[in-house]
Each structure stands twice: as C-alpha cells, then as structure tokens.
Amino acid sequence: MHFQFDEETLLLIESMRKFLKTEVLPVEEKHKALIAGGKMSTEVAALGAQIRKKAVQAGFYTCHVPKELGGGGLPHVTTTALREEIAKSGSVILGMFVIGDPPCGPTAMLMMLNDAQKDRYLHPLMRGDVTTCFALTEPNAGSDIAHIETTATKDPNDSGQYVLNGNKIYISNGMFADFFQVFAVTEKGKGMFGGISLFMVDAKTPGITKRNMPSMGGDDFQADIHFDNVRIPAANLVGEEGFGFLGATQWLSGERLMMAIQAVGLAEYSLEIGLEWAKNRKAFGQPIGKFQGVSFPLADCATQLEAARWLTYRTAWLLDQGETAMKELAMAKVFATDVLQKVVDQVLQTLGGVGYMSDHPIERIYRMARVFRIGGGTSEIQRKLIAKSLGL
Ligand SMILES: Cc1cc2nc3c(=O)[nH]c(=O)nc-3n(C[C@H](O)[C@H](O)[C@H](O)COP(=O)(O)OP(=O)(O)OC[C@H]3O[C@@H](n4cnc5c(N)ncnc54)[C@H](O)[C@@H]3O)c2cc1C
C-alpha cells in the first residue's frame with residue numbers, strides 16, 4: 001500500500017498552487033468588494049470566464065476529460081488532489097472556474113454525445129467558450145428523480161422535432177449556461193428504464209423562460225427554468241431514446257467525488273483558521289487553545305478530517321481501478337460533507353463573535369457547507385444507497 005502521491009501528481013499539485021497564487025487569488029483580492037461573501041453575479045461570471053480561458057491554456061480545465069476526447073486524461077486520484085488544492089486555497093469563488101467540473105463544464109456524461117453533438121456542444125465547452133448546466137430536479141421530483149414530469153413528445157407534424165414542456169428548479173449555473181442538459185419523460189410509465197431521455201437544449205431556444213432563485217448562498221446561481229412548447233431537433237437527443245438516465249448516474253458519480261474532496265479542502269482551510277486563532281487569541285491569561293474545552297473539539301475535527309480525506313482518496317483510487325464504487329462514493333460524500341459541517345461549526349465557535357461577522361471567511365463557508373448535504377443527492381439518499389449495498 002502506498003499513501004503517497006506519485007511524482008507527476010506532486011508536480012501538478014505544485015503548478016496548481018502556482019496557478020491559484022498568480023491567476024486566481026490576486027484577482028479575488030483586486031475585486032474584493034465585488035466577490036465578497038462568494039456572491040455569483042454577471043460581473044463575477046465575467047471574471048470567471050477570463051480565469052476559465054487561462055485554465056484551458058494551462059491544461060487544468062479539461063484535465064479530468066479522457067485523452068481520446070482531447071482532455072488531460074488524468075486519473076481520479078490526481079484530479080482529486082488538484083480539486084483539494086483549489087478548495088483549501090482560500091479562493092472565495094473564482095477557484096470554481098479552474099477545473100471544468102459540474103455544473104458548468106465538461107463531465108463524463110458528455111462522453112455519450114455522438115460526433116456531431118460533440119462538435120456542437122462538447123468541444124466549445126472544452127475550449128471554455130461556453131458553459132452548461134444539468135437540469136434534472138423539478139418541483140415534484142428531487143430525490144425521487146425517476147418521477148420527473150417534464151415531457152418531450154415527438155411532434156406529430158414534424159418527425160424531426162421533440163416538443164419539451166415542464167419546469168426545472170434549483171439549476172446551478174442555469175442563469176448563465178449557453179446550453180442545458182435536460183432530462184425529460186419520453187415514455188410515461190417506464191421510469192428510469194426506458195422512459196427518460198436526455199436532450200441538449202440551447203438556452204436561447206424560443207419557449208424557455210428562467211428566473212433567479214435567491215438562496216442562502218446569497219447568489220444568482222440557481223435558476224427556475226420553464227419549458228413551454230420548446231421545439232428541439234431530434235438530433236439533440238443524446239444516445240438512445242428512453243435511456244438518458246445512464247448519463248444522470250455518471251454525472252452524479254462525478255459530482256459526489258468532487259463534492260467530497262471540496263468538503264475536505266474547505267474543512268482543511270477552516271481548521272487552519274481555527275488553529276491559528278486558538279494559538280493566538282488570549283483569554284484568562286493564556287491562548288484559548290490551552291483550554292481543553294477548545295483543544296479537544298479541534299483535535300476531534302482534525303481526526304475526522306483525516307478519515308474523510310482518506311475515504312475520499314480511496315474512492316478515487318477505486319474508480320481508477322475501473323470499479324463503479326457506488327457504495328464508496330456515497331460514503332465519501334455523506335461522511336466528508338458531515339465532517340465539513342462539524343469542522344466549520346467548531347471553528348466558528350472557536351473564533352467567537354468574529355466568526356459570525358460577514359467579512360470573515362468562516363461566515364461564508366458556514367453557509368456554503370449547508371448545501372453540501374443537499375446537492376448531488378442528499379445525505380439521506382447517500383445512506384439509502386449505502387444501506388442497499390449492504391443488502392438492506
Ligand atoms: C444550491 C442547490 C443547487 C442545486 N443544483 C442542482 C442542479 O444543478 N441540477 C439539478 O438537477 N438539481 C440541483 N439541485 C437540486 C438537488 O439535487 C435537490 O434539492 C436534492 O436532490 C433534493 O431534492 P428536493 O429538494 O426535492 O428534496 P426532496 O427529495 O423532497 O427531499 C426532502 C427531504 O426528504 C428526504 N428524503 C427523500 N426521500 C427519502 C428517502 N427515500 N429516505 C430518506 N429520506 C428521504 C431528503 O433527504 C430530504 O431531507 C440543487 C439544489 C440546491 C439546494
């Protein structure tokens with residue numbers, strides 16, 4: 001067993017650190033007022049687009065995309081290490097533009113596209129010219145994704161088109177995406193096995209309306225999207241009709257690993273802040289870290305964080321061995337996101353009043369941490385998957 005990164009990964013980690021230090025963090029510092037609190041806006045998206053272009057040139061943006069598609073083809077362990085660097089760098093928001101991850105960038109799901117679709121959607125995405133979003137959740141179907149109600153019916157008057165009707169909610173990057181990856185029912189009653197299809201839908205297609213859904217994150221990133229008799233060419237159907245769900249499971253697997261390591265990185269960054277404060281803040285004549293009431297909870301945080309980190313890396317390693325690792329992906333996601341919540345709460349407690357102030361980084365991470373247990377499949381759904389894999 002080896003618990004060390006190989007030479008190539010170490011070099012890539014080093015160049016990621018350099019990229020963040022020279023291309024990302026100074027831009028955040030320069031535009032401090034604009035990005036304070038991690039609020040996504042049109043202006044921040046424009047700054048992000050510049051970073052995305054630089055990340056494309058540096059090879060980071062598509063480092064996770066298979067070589068045969070023109071990406072870097074890095075193993076999961078290495079991309080996990082790079083994502084950890086971004087998450088623990090202290091980047092407020094622009095770090096999310098460095099690797100083309102969900103929801104905005106090229107994911108494993110887009111490997112299902114045919115050559116014409118790759119030319120039209122995947123390649124511009126990989127060049128950083130456009131962004132996308134993943135439109136699955138609906139008002140009446142979140143966890144229960146097999147029961148989505150959006151329909152795509154073949155137009156009886158024109159065999160070359162589908163007509164899309166329905167409503168998707170909470171769609172990340174929905175306000176900015178150039179095209180949507182939309183799941184819709186093509187055959188009622190068949191559910192996930194033969195009844196749900198995946199379509200590429202240009203954001204400017206007539207019949208689409210969208211509005212921002214303000215969130216606890218305080219940003220303009222989630223959208224409520226309505227499709228009202230939206231006509232889509234049959235050429236935009238991905239794969240076989242009725243079998244779009246394969247795409248959803250691939251997307252969600254990628255997102256779970258990504259969220260697990262982001263949670264680990266954010267928790268590492270938070271813990272550093274807490275430790276620094278505990279060493280320097282004095283009360284009753286000594287640093288507060290000398291009180292067991294402060295140091296033991298932080299020791300527990302460090303222990304749980306270590307466990308979350310290795311669980312996540314082992315999951316990445318299993319994927320590199322060709323395993324689907326459904327159980328481990330669910331375990332890593334549920335455990336690492338719980339640990340993030342515990343760590344950031346404990347660090348805020350250690351900081352006292354200053355941690356609750358809006359201009360302190362912990363205030364933002366505290367709010368962000370909450371969504372990690374909901375997005376990409378809730379913690380309960382992860383536990384359901386784990387229980388199922390245990391034969392329950
Ligand atoms: C900030 C944010 C960004 C998002 N981005 C996207 C996106 O880009 N694309 C997209 O498609 N979706 C997105 N979502 C939606 C997200 O995936 C769903 O919110 C999530 O899957 C839960 O669905 P729901 O909100 O409908 O809750 P529900 O499914 O209604 O669940 C409500 C509660 O019941 C629990 N529950 C449900 N079923 C079970 C069960 N069988 N056993 C135990 N407990 C259960 C849930 O865990 C939850 O606690 C986003 C959500 C948020 C908050």
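Predicted model: local features only at pLDDT ≥ 70, side-chain atom pairs only at ≥ 80, totals over all residues.
## Ground rules

Local features here need pLDDT of at least 70, side-chain atom pairs count only at pLDDT 80 or more, and totals for chains, interfaces and linings use all residues. Residues are numbered from 1 along each chain as its sequence is written.

## Around the ligand

Let's start with the ligand, which 22 residues surround; a residue is near a molecule if its C-beta atom, placed from the backbone, lies within 6 Å of it. The closest are Leu-136, Gly-142, Ser-143, Thr-378 and Glu-380.

Strand E1 (132–135), strand E3 (161–172) and helix H10 (379–389) each supply at least two residues of this shell. Helices (H or I, at least four residues) and strands (E, at least two) are DSSP runs, numbered from the N terminus. Because domain 2 (132–238) and domain 3 (246–389) both give residues to the shell, the ligand lies between them; the domain bounds come from an automatic or database domain assignment.

## The nonpolar core

The largest nonpolar core has 113 residues. Such a core is a set of buried Ala, Val, Leu, Ile, Met, Phe, Trp, Tyr and Cys residues joined through C-beta atoms within 7 Å, where buried means that 20 or more other C-beta atoms lie within 10 Å of a residue's own. Helix H6 (residues 245–280) gives the most to this core, with 18 residues.

Phe-199, Ala-263, Ala-267, Leu-340 and Val-344 have the most contacts inside the core.

## A loop residue

Pro-75 sits in the loop between helix H3 (42–58) and helix H4 (76–87). The C-alpha atoms of Pro-75 and Val-65, ten residues apart along the chain, are separated by 9.6 Å.

Technical notes
Buried ≥ 20, exposed ≤ 12 C-beta atoms within 10 Å, placed from the backbone.
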